[in-house]
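The sequence and the structure come before the first question.

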Amino acid sequence: MGLKALCLGLLCVLFASHFYTPMPDNIEESWKIMALDVIAKTCTFMAMCFENMGIMRYEELISMIFRLDYTQPLSDEYITVTDTTFADIPVRLYLPKRKSETRRRAVIYFHGGGFCFGSCKQKAFDFLNRWTANTLDAVVVGVDYRLAPQHHFPAQLEDGLAAVKFFLLEKVLTKYGVDPTRICISGDSSGGNLATAVTQQMQNDAGIKHKIKIQALLYPGLQITDSYSPSHRENEHGIVLTRDVAIKLVSLYFTKDEALPQAMRRNQHMPLESRHLFKFVNWSVLLPEKYRKDYVYTEPILGGLSYSLPALTDARALPLLANDSQLQNLPLTYILTCQHDLLRDDGLMYVTRLRNVGVQVAHDHIEDGIHGALSYMTSPFYLHLGLRIRDMYVSWLDKNL
C-alpha cells in the first residue's frame, strides 16, 4: 500500500510539473494562481487528448466543465433576478428591489469565454452582475449570446446588437425604469471584444436614437491580425491563457478548419489584400515604450492561408481594425489591462488609438494582473485580484455613469 501511494504521489508530482509555469515575482497569492493554472492546463491537456483519440472535440469537454458552474436565477433581499429573452436572445436581468424616485442607470454585460465557452449564468458573472446592480442601484443585463463553434461569427455580434437594441426601445426602458442617457456596455476578454464591437456599431448608426453613455472593457481581446505582439511572445506559455489556446479559440470563432490556427501560429494568416490594416495594430507605434521593450517589429506575412476568410479583415470581428472615423464617435471609455496577459497589448493599443482621435479614456493597468481574473471571485477559486478588479470597475462606473 505504501509503495502504491508513493508511486501515485510521484506520478502526481510529475504530472503537475509538466504544466508548471513559473510565477512572476509580483504575483499576489501565487500558490493559488499556480494551482488554478495547473488545473486549467490539465483540463486543456485532457480535452486535446480526447479530441486526438476521437472521443469528443476539445471544446465539447471544456463546455461540459463550464456548465457545471452555471447558476439558477436566484433573487435575494436586494435584487430580483430573472432569466428572460430580449428579441429572442437569452438574458439574465437584475432589478433592484428598493424604490427609486428617478430612473435608474443600466449596465449591459458581455461575459468572456473565448467566444466558445461560458454564460452570464456562471457563478462569477452572476456574482459580478448582482454586485453591480446592488452597489449602483442599477438595472443590469447579462447577455447569453450564441457560442462558437456551433455558431460562427457574426452570430455572437448579431445577438449582442439585437439584445441591446431591444433594451433601448422606449417601452422597454420605461418598463424597467431605465434612464436612456445613462447606459453602459461592458465586457471582459472575448466579451470585451463584443462590447467594443457593439458600441462601435451603435454609436455609428444614425438610426439609433439612444446612444451609449460609457463603455467599460476589461482585459479585452480586440485583434488577431498580428499574433506576434510583445504580450503574445511574453505570455506564450502564460498563466491560465496560453498562445495556443487563444489561437484555437479565436479560430473556432471563425471556422473549424484547422488550416487557420496553423497559419495563425506562424503569423501568416492574413489575406494578401489586408496590408492597409496593419497600421491599426502596429504595436511598434501604438504601444508605450515600456511594453515594446527590445522586441523587433516585423509585419505579418500575407497569404499563408490557402483561402479567403472575410472575417479576418472585418472590424466587427476584430474591433481594433476600425478606422479613425469609426472611433471618433465613441463615448467615454474605461479600459483595464493586466501585465501577465496574452491580450494585454490589445487593450493598450486601443487606449492609444482612442486618445489619438480625441476620445476620453480612463486606463487602469494591473501590474500583478492575469487574464480572466474576474472568473475567480467566488469559492472555491476566489482571488483577491478578482475582487480588486471588480471594485475598480464598479467604482469607475459609479463615478461616470
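Q: Does C116 count as buried or exposed?
A: This is a predicted model, and the answer rests on relative accessibility. Buried means under 20% relative accessible area. C116 has 2% relative accessibility, so C116 counts as buried.

Q: How many disulfides does the count come to?
A: A disulfide needs two cysteine sulfur atoms within 2.5 Å. For C116, the nearest cysteine sulfur is that of C43, 16 Å away, and C116 is in no disulfide. The sulfur of C338 is too far for a bond, because the closest cysteine sulfur, in C184, is 18 Å from it. By this rule the count comes to 0.

Q: Which residues have the most contacts inside the largest nonpolar core?
A: Nonpolar side chains tend to be buried together in soluble globular proteins. Here the largest nonpolar core has 74 residues. Apart from it lies another core, of 41 residues, with F125, C184, V240 and Y393 among them. In the largest core, the residues with the most contacts are F110, F167, I183, F254 and Y350.

Q: Are helices α2 and α3 parallel, antiparallel, perpendicular or oblique to each other?
A: Helix α2 covers residues 30–52 and helix α3 residues 58–67, and their axes lie 7 Å apart. Residues in α2 including C43, M46 and F50 meet residues in α3 including Y58, L61 and I65. The packing angle is about 140°, while roughly antiparallel would require over 145 degrees. The two helices are therefore oblique.

Note on methods
Residues are numbered from 1 along each chain as its sequence is written. This is a predicted model: local features need pLDDT of at least 70, side-chain atom pairs count only at pLDDT 80 or more; totals for chains, interfaces and linings use all residues. Side-chain values use heavy atoms; hydrogens and water are left out. A nonpolar core is a set of buried Ala, Val, Leu, Ile, Met, Phe, Trp, Tyr and Cys residues joined through side-chain atoms within 4.5 Å. Buried means under 20% relative accessible area, exposed over 50%, partly exposed in between (1.4 Å probe, protein chains only). Axes are lines fitted to C-alpha atoms, for helices over the stretch in contact, and angles run from 0 to 180 degrees between N-to-C directions. Helices (H or I, at least four residues) and strands (E, at least two) are DSSP runs, numbered from the N terminus. Angles under 35 degrees count as roughly parallel, over 145 as roughly antiparallel, 65 to 115 as roughly perpendicular and the rest as oblique. Contact means heavy atoms within 4.5 Å.
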